Amino acid sequence: MTVPLPASGAASALPDAAPRRALLVDDEPVIRQALRRFFVRQGWEVDEAEDGTAALRWLLGAADEPPPAHYAVIISDLRMPGVSGIELHARLAEERPDLLERLILSTGDSVSTEAAEFLRRSSCPVLNKPFELAELRAVLARVGAA
């Protein structure tokens, strides 16, 4: 089965044998664990990052690490210590804009001035915490990762 991805300059589909892979970026372990359970039950492989710095290592790699994995979807919290979801988005826009089509933002703060302004500018889907699994499924379908 081929999993379609949004059209971009990057590869448009995963090979038939490749499992779908998600990167979960959130500073709250309980949220990452709940999302991991959801994805694993759906047959996905999952990597976790506790903040934007760790996510960038997964997404951009480093000279002494293997090449970055291919992710069908990246779910990132907006507010985290260190590198936030806003900063993660900015780095990806500079270095890997093809990944923005697979980025889903999650937040419990969509009303602060900074968050609201960023979310208006961003074309990424947003999951407002707390969210239902049905909402997650709908957003995954929108980014072509369902």
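What share of the contacts in the protein chain with a separation of 6 or more is accounted for by residues 24 or more positions apart? In this predicted model, such residues make up 62% of those contacts.

**Overall layout**

The protein chain has 146 residues, of which 43% count as buried. There are five helices and five strands, and along the sequence they follow the pattern β-α-β-α-β-α-β-α-β-α.

**Helix α1**

Helix α1 has 13 residues, and from its first C-alpha to its last it reaches 18 Å, close to the 18 Å expected at 1.5 Å a residue. Four residues of α1, namely Arg 32, Leu 35, Phe 38 and Phe 39, are buried. They lie on the same side of α1, because they cover an arc of only 125° around the axis. An α-helix has 3.6 residues a turn, so residues three or four places apart point the same way. On the other side of α1, Val 30 and Arg 41 are exposed. The buried residues of α1 are covered by elements including those in this table.

| Element covering the buried residues of α1 | Residues |
|---|---|
| β1 | 21-25 |
| β2 | 45-49 |
| β3 | 73-77 |

Helix α5 is also among the covering elements. Just after α1, Gly 43 takes a positive phi of about 90°.

**The largest pocket**

Helix α1 also takes part in a pocket. The largest pocket has a volume of about 250 Å³. Its lining includes Ile 31, Ala 34, Leu 35, Arg 37, Phe 38 and Arg 41, as well as Lys 129, Pro 130 and Phe 131. The elements that give two or more residues to this lining are α1 (29-41) and α5 (133-142). The largest share, six residues, comes from α1. By type, the lining residues divide into seven nonpolar, one polar and four charged. Leu 35 and Phe 38 belong to the pocket lining and are also buried residues of α1. Arg 41 is another lining residue, but Arg 41 is exposed.

**Thr 107**

Leaving out residues up to four places away in sequence, Thr 107 touches Asp 77, Leu 78, Leu 119, Val 126, Leu 127, Asn 128 and Lys 129. One of these, Asp 77, is 30 residues apart from Thr 107 in sequence, yet the two are 5.6 Å apart in space, C-alpha to C-alpha. Lys 129, which Thr 107 touches, is also in the lining of the largest pocket.

Definitions and conventions: Residues numbered from 1 in each chain as written. Predicted model: local features only at pLDDT ≥ 70, side-chain atom pairs only at ≥ 80, totals over all residues. Heavy atoms only, no water. 1 Å grid on protein atoms, 1.4 Å probe; cavity = no way out; pocket = protein on both sides within 12 Å on 5 of 7 lines; lining within 4 Å. Points joined across faces, edges and corners; volume = space filled by probe spheres on them. Nonpolar A, V, L, I, M, F, W, Y, C, P; charged D, E, K, R; others polar. Contact = heavy atoms within 4.5 Å. Expected span 1.5 Å × (residues − 1). Buried < 20%, exposed > 50% of the residue type's maximum accessible area, 1.4 Å probe, protein only. Arc of directions from axis to C-beta.
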